[in-house]
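Q: I am new to this structure and would like a close look at one part of it. Please keep the account plain.

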Amino acid sequence: MSLVAWAIAASEVLFWVVILIGLIARYKFGRKKLGLFFLALTPVIDIFLLVTTSIDLHRGATATVAHALAGVYIGVSLAFGSSMIKWADERFRYYVTKQGDKPAKRYGMDHARHYFKGWIRHVIAFAIGAGMLYGLILYIDDPQRTEAIRGVLRLWSIIVGIDLLITVTYFIWPREPKKVGK
């Protein structure tokens, strides 16, 4: 596995570790400022990944799928990071500390609107990540060294389109609560 692939794996693990430490500090030890500090470290992880990827490419590496996934990861992290932290916070508060309301399950048009907002975040993630990847293509300026990036961009474009189709289906066929036995 390449240095960049390891950096992506480390970034993902670190993202959830700092969130968990932040939530534990906030709820188990009552240290809200310390908890906020750890939660605020998540963008630092993105910077680490960006620097690692940039150095590798600057040294002449041929861009791989791992390099492209670094751009995808950063785009997704920036677009979804706050909502993922909120999601983890709600569940940690309810399931671990037994405080607050149980996270609501969404159905019907509420679910469709929520999923649509997620799709909008996906488009934002795509814009950020694709912008970074396109910048790498321009920076490297060698089609042979950037073919993997182009391939990931094409695939991600298709995935955003499929996600839109899924989003539309929730408006046409709203999600219903599961029926428990008769």
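At what angle do helix H1 and helix H2 pack, and how far apart are their axes?

A: This is a predicted model, in which local features need pLDDT of at least 70 and side-chain atom pairs count only at pLDDT 80 or more, while totals for chains, interfaces and linings use all residues. Residues are numbered from 1 along each chain as its sequence is written, and side-chain values use heavy atoms, with hydrogens and water left out.

Helix H1 covers residues 3–28 and helix H2 residues 32–39; they pack at an angle of about 170°, with their axes 7 Å apart. Helices here are DSSP runs (H or I, at least four residues; strands are E, at least two), numbered from the N terminus. An axis is a line fitted to C-alpha atoms, for helices over the stretch in contact, and angles run from 0 to 180 degrees between N-to-C directions. The angle therefore makes H1 roughly antiparallel to H2. Angles over 145 degrees count as roughly antiparallel, under 35 as roughly parallel, 65 to 115 as roughly perpendicular and the rest as oblique.

On the H1 side, the residues that meet H2 are Val-18, Ile-19, Ile-21, Gly-22, Ala-25 and Arg-26. On the H2 side they are Lys-32, Leu-34, Gly-35, Phe-38 and Leu-39. Contact means heavy atoms within 4.5 Å. By class, the residues of this contact are seven nonpolar, two polar and two charged. Ala, Val, Leu, Ile, Met, Phe, Trp, Tyr, Cys and Pro count as nonpolar, Asp, Glu, Lys and Arg as charged, and the others, Gly among them, as polar.

The axes of H5 and H6 come within 9 Å and cross at roughly 170°. That makes H5 roughly antiparallel to H6. The contact of H5 with H6 has 21 nonpolar, five polar and three charged residues.

As for the whole chain, it has six helices and zero strands. Its C-alpha atoms fill a box of roughly 60 × 45 × 25 Å, taken along the principal axes.

Confidence is given as pLDDT, the predictor's confidence in each residue, from 0 to 100. The mean for the protein chain is 91, and 98% of its residues reach 70 or more. Confidence is lowest in helix H3 (residues 42–58), at a mean of 86, and highest in helix H6 (residues 147–172), at 97.
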